[in-house]
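I'll jot down each thing as I look it up.

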Amino acid sequence: MNGMAQQISFDITSTVDLQEVDNAVNQARKEIAQRYDFKGSHAQIEFNRTENTLVLSAEDKFKIEAVWEILQTRLVRRNVSIKNLTPGEIEPASGSTVKRTINLQQGIPGEKAKDIVKFLKDQKLKKVQAAIQGDQVRVSSPSKDELQGAMSLLRGQDFGIELQFGNYRE
């Protein structure tokens, strides 16, 4: 070795499990189909995996809010963080219906990644470094304890998105 301490690292990511979203959407559709208050309703949930969006549609604002509630409940039961869903405005759609598009956050947006790096710097942890790498943040240090401390501090902080820690390397 060249005298340098071994770097240990982990990556912070923020993703939504699309298979679980799909399962939750299917469960929500079944519930809507069975519910008395939705009888004869045109309430729908469309899931577009390639665009990471959910599109809810219904006759009115009240029904679309109910669809959104049902879907959120199903997502939470499947451990999909609601923090990573960004609901758009309810807007008029064709045939006197309304729709709402919900964006699924895949990856850490640039602004949030900068917040995470700044937060770690402000904690004045010895030898802990954070670097933005695409849509994730890599945290490294020669000390396992320091890294665990950093992880613990991050867990206690709300960045507005669900953080996942992985790709642990020694």
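What pattern does the chain follow, read along the sequence? I'm working from a predicted model here, and I read the pattern off as β-α-β-β-α-β-β-β-α-β-β-α-β. That gives four helices and nine strands in the chain.

Next I looked up the overall spread. The radius of gyration is 21 Å, well over the 15 Å that the globule rule gives for 170 residues, so I noted the chain as more spread out than a compact globule. The C-alpha trace spans about 70 × 25 × 25 Å along its principal axes.

Then burial and contacts. I found that 37% of the 170 residues count as buried. Taking contacts between residues at least 6 apart in sequence, 65% join residues at least 24 apart.

The accessible surface comes to about 10000 Å², and carbon and sulfur atoms hold 47% of that. I counted 24 positive and 23 negative side chains, with the centres of the two sets 4 Å apart.

Last, some backbone angles. Most residues other than glycine have a negative phi, so I flagged the following cases.

Which phi does serine 96 have, positive or negative? Serine 96 has a positive phi of about 50 degrees, though it is not a glycine. I placed serine 96 in the loop between β5 (91-93) and β6 (97-104). Its relative accessible area is 68%, so I put serine 96 down as exposed.

Asparagine 167, also not a glycine, has a positive phi of about 55 degrees. I found asparagine 167 in strand β9 (residues 164-169). With a relative accessible area of 41%, asparagine 167 is partly exposed.

Notes
Residues numbered from 1 in each chain as written. Predicted model: local features only at pLDDT ≥ 70, side-chain atom pairs only at ≥ 80, totals over all residues. Heavy atoms only, no water. Helix = DSSP H or I, 4+ residues; strand = E, 2+ residues; numbered from the N terminus. Buried < 20%, exposed > 50% of the residue type's maximum accessible area, 1.4 Å probe, protein only. Rg over C-alpha atoms; globule rule 2.2 N^0.38 Å. Contact = heavy atoms within 4.5 Å. Areas by Shrake-Rupley, 256 points an atom, 1.4 Å probe, with all protein chains shown as cover. Lys, Arg positive; Asp, Glu negative; His and termini not counted. Charge placed at Lys NZ, Arg CZ, Asp CG, Glu CD.
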